[in-house]
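I hope they are handy while you look through the coordinates.

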Amino acid sequence: MYVFFILQSAIFNFQSLLTVILLLICTCAYIRALAPSLLDKNKTGLLGIFWKCARIGERKSPWVACCCVIMAFSILFLQ
């Protein structure tokens, strides 16, 4: 129930939504680097979202890293 409340509030707050998406991309890319078989077997369907997030994290890693730094600065100093 508490997790649902966090996700629901992230939908209505744009900065929180961006943070959740960025963390999802980074987490999926990290998991795929450690154990590629976990995400590679689910390339389609609902679990395919995690594979796609891992792909984005791998291919756009300089941009994702830049977004992580900007988001960290924003959370630490602007809130």
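1. Over residues 12-33 the chain is 95% helix and 0% strand, with 32 Å between the end C-alpha atoms. Helices here are DSSP runs of H or I with at least four residues, strands are E runs of at least two, and both are numbered from the N terminus. Residues 61-78 come out as 94% helix and 0% strand, and their end C-alpha atoms lie 25 Å apart. Both stretches carry the annotation "transmembrane region" in an unreviewed UniProt entry. UniProt positions are given in the numbering used here, feature names are shortened, and such annotations may be inferred rather than shown by experiment.

2. A word on the ground rules: this is a predicted model, where local features need pLDDT of at least 70 and side-chain atom pairs count only at pLDDT 80 or more, while totals for chains, interfaces and linings use all residues. Residues are numbered from 1 along each chain as its sequence is written, and side-chain values use heavy atoms, with hydrogens and water left out.

3. The protein chain has five helices and zero strands, in the order α-α-α-α-α from the N terminus on. Of the contacts (heavy atoms within 4.5 Å) with a separation of 6 or more, 53% are between residues 24 or more positions apart.

4. Buried residues make up 20% of the 79 residues in the protein chain. Buried means under 20% relative accessible area, exposed over 50%, and partly exposed in between, using a 1.4 Å probe and protein chains only. The chain exposes about 6200 Å², and carbon and sulfur atoms supply 75% of that area. Accessible areas come from the Shrake-Rupley method with a 1.4 Å probe; for residues, only the protein chains shown count as cover.

5. Which residues form the largest nonpolar core? There are nine: Leu-22, Ile-25, Cys-28, Leu-39, Trp-51, Cys-53, Ala-54, Val-64 and Met-71. Two or more residues of this core come from each of α2 (14-34), α4 and α5 (61-77). A nonpolar core is a set of buried Ala, Val, Leu, Ile, Met, Phe, Trp, Tyr and Cys residues joined through side-chain atoms within 4.5 Å.

6. Some individual contacts are worth a look. Leaving aside neighbours within four places in sequence, Ile-25 is in contact with Cys-53, Ile-56, Gly-57 and Val-64. With the same exclusion, Thr-19 contacts Met-71 and Ile-75. Thr-19 lies in helix α2 and counts as buried because its relative accessibility is 19%.

7. Ile-31 is also found in helix α2, but this residue is partly exposed, at 34% relative accessible area. Not counting residues up to four places away in sequence, Ile-31 touches Pro-36, Leu-38 and Leu-39.

8. How many salt bridges does the structure hold? There are three, where a salt bridge is a side-chain nitrogen of Lys or Arg within 4 Å of a carboxyl oxygen of Asp or Glu. Asp-40 pairs with Arg-32, the closest N and O atoms being 2.9 Å apart. Asp-40 is partly exposed, at 25% relative accessible area, whereas Arg-32 is buried, at 18%.

9. Arg-32 also forms a salt bridge with Glu-58, and here the closest N and O atoms are 2.7 Å apart. Arg-32 lies in helix α2 and Glu-58 in helix α4, so the pair ties together parts that are 26 residues apart in sequence. Glu-58 is partly exposed, with a relative accessible area of 30%.

10. The side chains of Arg-55 and Glu-58 meet in another salt bridge, at 3.6 Å from N to O. These two are separated by about one helical turn because they are three residues apart in helix α4. Salt bridges that share partners join Arg-32, Asp-40, Arg-55 and Glu-58 into one network.

11. Finally, the surface: Leu-24, Leu-46, Leu-47, Ile-49 and Phe-50 make a nonpolar patch of about 450 Å². Patches are made of residues with over 30% relative accessible area and no salt bridge, with like charges joined within 9 Å and nonpolar side chains (Val, Leu, Ile, Met, Phe, Trp, Tyr) within 5 Å. Phe-50 is found in helix α4 (residues 48-59) and counts as partly exposed at 34% relative accessibility.
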